[in-house]
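Here's a quick briefing to get you started. Have a look at the sequence and the structure first, then read on.

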Amino acid sequence: MAGPVVSDRIWTVPNLLSMLRLLGVPLFLWLVLVPEADWWALLVLAFAGVSDWLDGKIARAWNQASRLGQFLDPLADRLYIFAALLGLVIRGIVPWWLMAILVLRDVLIIGALPLLRHFGYGPLPVNFAGKAATLCLLYSFPLLFVAEYASLVADVARIIGWAFALWGTALYWWAGSLYAVQGLRLIDQTRRAERTDHEGVRTGVPDGDTRGGHTDRHDPTAPATVDGDPGAEPEGPDPRGRRDQGGTMP
């Protein structure tokens, strides 16, 4: 079944919503740290959540999926997670180690991008574990802000908020491990294909010729899968003739 068409358009309704969501990040952080207007900050966070859901629905319904949107959407989620964590840490609501664990995972993912690009692949598509992790974390932060106020509701919010935070952190790292496995499989697939090409050149057998025996070569342009998640399309054009899908990792 063919997937949605991804265009290079910039001025689409989903992209405008993503840009508005990005503009809300510094406003959210200012509300948390300067006037400590938590309820206004939570309204900004709620707008971010609603617009995140809405731009995906519009992109699918109006065929407005774009490469820019695939970049902006997870970027906004990451920035809100970082801003909320930073505010919670500075105000002493959550310990610094929670932020360090989440930031370390993103640093490792970003550090792996040059290696993927060396083998002709762009960022890997978002997997279900990554989406679930982001959802859990974005649910946890408002609850942890509410937990700062002395009341029975705050006590309940503290328990539920920490449950979401810990589950979200575990899922965040699980999603990272899936990306690592997927990336290693794609790299190994490309290496085996290149080895087959080189052996064919040395022996004089045309590439893909099955005479003299069965070949088990995998096409490096075919998407790979990891636990049911679609793999990354290669980027390009380059000497191997691959092209970029434009996916992103949350």
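How many residues does helix H4 have, and how far does H4 reach from its first C-alpha to its last? Helix H4, residues 96–118, has 23 residues and reaches 34 Å, close to the 33 Å expected at 1.5 Å a residue. Keep in mind that this is a predicted model. The points below start with the whole chain and then go through some of its helices.

**The chain as a whole**
- The protein chain has 6 helices and 2 strands, and along the sequence they follow the pattern α-α-α-α-α-α-β-β.
- Of its 250 residues, 42% count as buried.
- Take the contacts with a separation of 6 or more: residues 24 or more positions apart account for 76% of them.

**Back to H4**
- Leu 98, Met 99, Leu 102, Arg 105, Asp 106, Ile 109 and Leu 116 are the buried residues here in H4.
- After H4 comes Gly 120, which has a positive phi, near 90°.

**H2 on its own**
- H2 has 24 residues and spans 34 Å from its first C-alpha to its last, close to the expected 34 Å at 1.5 Å a residue.
- Its buried residues are Asp 38, Ala 41, Leu 42, Val 44, Leu 45, Ala 48, Ser 51, Asp 55, Gly 56, Ile 58 and Ala 59.
- Those buried residues pack against H1, helix H3 (67–90) and helix H5 (128–146).

**H1 against H2**
- Helix H1 (residues 13–33) and helix H2 (residues 38–61) pack at an angle of about 165°, with axes 9 Å apart.
- Angles over 145 degrees count as roughly antiparallel, so that's the label for H1 and H2.
- The crossing of H1 past H2 is left-handed.
- On the H1 side, the residues that meet H2 include Val 13, Pro 14, Leu 17, Leu 20, Gly 24, Leu 27, Phe 28 and Leu 31.
- On the H2 side, the residues that meet H1 include Trp 40, Ala 41, Val 44, Phe 47, Ser 51, Leu 54, Ile 58 and Ala 59.
- Sorted by class, this H1 and H2 contact has 17 nonpolar, 3 polar and 3 charged residues.

**H2 against H3**
- H2 and H3 pack at an angle of about 160°, and their axes are 11 Å apart.
- That angle makes H2 roughly antiparallel to H3.
- H2 also passes H3 in a left-handed crossing.
- From H2, the residues in this contact are Val 44, Leu 45, Ala 48, Asp 52 and Asp 55, and they meet Asp 73, Asp 77 and Tyr 80 in H3.
- By class, the contact of H2 with H3 splits into 4 nonpolar, no polar and 4 charged residues.

**Two loop residues to look at**
- Glu 36 sits in the loop between H1 and H2.
- Although Glu 36 is not a glycine, its phi is positive, at about 55°.
- Is Glu 36 buried, exposed or partly exposed? With a relative accessible area of 42%, Glu 36 is partly exposed.
- Asn 63 follows H2 and is found in the loop between H2 and H3.
- Asn 63 isn't a glycine either, yet has a positive phi of about 55°.
- Asn 63 counts as exposed, at 65% relative accessibility.

Technical notes:
Residues numbered from 1 in each chain as written. Predicted model: local features only at pLDDT ≥ 70, side-chain atom pairs only at ≥ 80, totals over all residues. Heavy atoms only, no water. Axes fitted to C-alpha atoms, helices over the stretch in contact; angles between N-to-C directions. Helix = DSSP H or I, 4+ residues; strand = E, 2+ residues; numbered from the N terminus. Parallel < 35°, antiparallel > 145°, perpendicular 65-115°, else oblique. Left-handed = near helix turned anticlockwise from the far one by under 90°. Contact = heavy atoms within 4.5 Å. Nonpolar A, V, L, I, M, F, W, Y, C, P; charged D, E, K, R; others polar. Expected span 1.5 Å × (residues − 1). Buried < 20%, exposed > 50% of the residue type's maximum accessible area, 1.4 Å probe, protein only.
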